[in-house]
Amino acid sequence: MNNTRVFKITFASVYPHYVAKVEKKGRTKAELNAVICWLTGYDDGTLQQQIDHKVDLETFFARAPRINPHAARITGVICGYRVEEIEDPLMQRIRYMDKLVDELAKGKAMDKILRT
């Protein structure tokens with residue numbers, strides 16, 4: 001599968017959809033940021049810089065300070081694919097993020113989402 005188009009989508013264009021999704025379900029933007037920062041190692045300031053600079057998803061993950069070592073514990077289906085079986089490392093990270101946002105929106109407890 002050619003994932004080039006997905007990799008070139010800006011994080012700034014995806015982020016408002018994430019915010020809307022979680023807020024519609026009664027969660028907060030702060031919780032969303034905590035989940036994204038847990039996965040990527042960004043803090044709130046550097047996360048906002050990525051949004052402001054309109055980096056694409058490929059750059060967003062390439063610049064990520066540290067992908068959480070517990071990210072491999074993220075399992076399940078997102079967009080019809082099992083995240084643990086996705087072979088392309090970048091696509092897998094993108095889908096990890098999608099899965100975490102889904103779990104947040106579905107009301108899962110933060111300690112469960114963050115695999116603690």
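Me: Which helix has the highest mean pLDDT among the elements of the chain?
Reply: This is a predicted model, in which local features need pLDDT of at least 70, side-chain atom pairs count only at pLDDT 80 or more, and totals for chains, interfaces and linings use all residues. Residues are numbered from 1 along each chain as its sequence is written, and side-chain values use heavy atoms, leaving out hydrogens and water. pLDDT is the predictor's confidence in each residue, from 0 to 100; its mean over the chain is 95. Helix α1 (residues 4–7) has the lowest mean, 88, and the highest, 98, belongs to α3 (residues 29–40).

Me: How far apart are the end C-alpha atoms of α3?
Reply: The expected span of a helix is 1.5 Å times one less than its number of residues. For the 12 residues of α3 this gives 16 Å, in agreement with the distance between its end C-alpha atoms, 16 Å.

Me: Is I113 buried or exposed?
Reply: I113 lies in helix α7. Among the residues that I113 touches, not counting those up to four places away in sequence, are V35 and L104. Its relative accessible area is 0%, so I113 is buried.

Definitions and conventions:
Helix = DSSP H or I, 4+ residues; strand = E, 2+ residues; numbered from the N terminus. Buried < 20%, exposed > 50% of the residue type's maximum accessible area, 1.4 Å probe, protein only. Contact = heavy atoms within 4.5 Å.
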